[in-house]
Amino acid sequence: MLKVAGLTHRVSLGADTITILQGVSLEINRGESVAILGRSGSGKTTLLGLMAGLDSPSQGLIELDGEAISELDEDQRARLRAQRVGFVFQSFQLLPALSALENVMLPLELAGQAAPAEQARELLHRVGLGERLRHTPRQLSGGEQQRVAIARAFASNPAVLFADEPTGNLDNHTGQTISELLMALNQEQGTTLVLVTHDEQLAGRCQRRFAIDAGRVTEFREMD
């Protein structure tokens with residue numbers, strides 16, 4: 001599903017150039033759940049954004065579902081994201097003026113899906129919010145907002161879902177509930193799940209784990 005080869009990313013800060021990622025190579029199979037761990041500032045969120053097509057690398061190859069997104073322009077990457085990618089963020093990123101139902105309906109409407117309200121309602125029932133359809137984000141708890149965000153991310157049936165610290169703003173119990181929900185939907189829909197996390201319990205539930213340090217990535221290998 002994802003192939004990264006020789007990925008390097010640099011940013012300019014005034015007269016200085018900072019290398020955030022250096023020579024990263026990895027592959028993620030279709031339907032896998034993968035965790036990327038690292039300290040703050042290690043480059044893990046940058047790597048996630050590059051794999052999702054939110055930015056272009058300084059050099060190297062990124063393929064998503066067989067398409068070299070590192071060679072696409074912004075408009076082409078935006079179309080690919082709309083068709084094949086879902087996102088879950090630490091800060092939820094819900095539209096405050098819309099209800100839970102309307103937030104989940106939005107990507108379905110933009111994609112021209114038939115019966116978006118019916119599909120959105122079904123997803124919200126699946127994440128345990130069938131009684132909260134008309135509530136706006138400020139009327140929901142943090143865990144409930146993250147459930148809405150997950151329902152929205154899965155609404156377009158993405159080939160791959162990227163999650164950036166999906167349990168980072170939640171208490172331990174709520175974080176475990178969100179972890180179970182992500183894993184269940186990953187298995188039910190066969191969606192490839194790639195997440196950045198500090199949560200060792202969440203990372204431990206993934207099939208594979210990568211560590212990033214000083215811009216370089218290595219895979220965890222279990223000892224016999």
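Start with Asn-103: setting aside neighbours within four places in sequence, Asn-103 touches Leu-94, Leu-95, Leu-98, Pro-137, Val-148 and Arg-152, where contact means heavy atoms within 4.5 Å. Before going on, a word on the model: it is predicted, so local features need pLDDT of at least 70 and side-chain atom pairs count only at pLDDT 80 or more, while totals for chains, interfaces and linings use all residues. Residues are numbered from 1 along each chain as its sequence is written, and side-chain values use heavy atoms, with hydrogens and water left out.

Back to Asn-103, which sits in helix H3. Helices (H or I, at least four residues) and strands (E, at least two) are DSSP runs, numbered from the N terminus. Asn-103 is buried, at a relative accessible area of 1%. For the record, buried means under 20% relative accessible area, exposed over 50%, and partly exposed in between, with a 1.4 Å probe and protein chains only. What does the side chain of Asn-103 do in there? A polar atom of it lies 2.9 Å from the backbone nitrogen of Leu-95.

Just after H1, Gly-53 takes a positive phi of about 80°.

**The sheet**

Six strands make an open sheet of mixed pairing, in the order S6-S7-S8-S3-S9-S10. Two strands pair if DSSP finds at least two bridges between them. At the edges are strand S6 (85-89) and strand S10 (216-219), each pairing on one side only. On average, neighbouring strands of the sheet are turned by 20° against each other, direction ignored.

Inside the sheet, S7 and S8 run parallel and are joined by five bridges. Leu-161 has Leu-193 in S8 as its bridge partner. Helix H2 (residues 74-84) lies across S6 and S7, running at about 85° to S6. For these angles, axes are lines fitted to C-alpha atoms, for helices over the stretch in contact, and the angles run from 0 to 180 degrees between N-to-C directions.

**Salt bridges**

How many salt bridges does a search of the whole structure find? Ten, counting a side-chain nitrogen of Lys or Arg within 4 Å of a carboxyl oxygen of Asp or Glu.

| Pair | Closest N and O atoms |
|---|---|
| Asp-213 and Arg-39 | 2.7 Å |
| Arg-132 and Glu-144 | 3.1 Å |
| Glu-219 and Arg-208 | 3.0 Å |

Asp-213 lies in strand S9 (residues 208-213) and Arg-39 in the loop between S3 and helix H1 (44-51), so this pair ties together parts 174 residues apart in sequence. Asp-213 is partly exposed at 41% relative accessibility, whereas Arg-39 is exposed at 60%.

Arg-132, in the loop between H4 and H5, and Glu-144, in helix H5, are twelve residues apart. Arg-132 is partly exposed, with a relative accessible area of 23%, and Glu-144 counts as buried at 18%.

Glu-219 in strand S10 and Arg-208 in strand S9 are eleven residues apart. Glu-219 is partly exposed at 24%, while Arg-208 counts as buried at 17%. Elsewhere, salt bridges that share partners join Arg-30, Asp-65, Glu-67 and Arg-84 into one network.

Conventions. A polar contact is a pair of N or O atoms within 3.5 Å; within protein, one must be able to donate a hydrogen and the other to accept it, and residues adjacent in sequence count only if both atoms are side-chain atoms.
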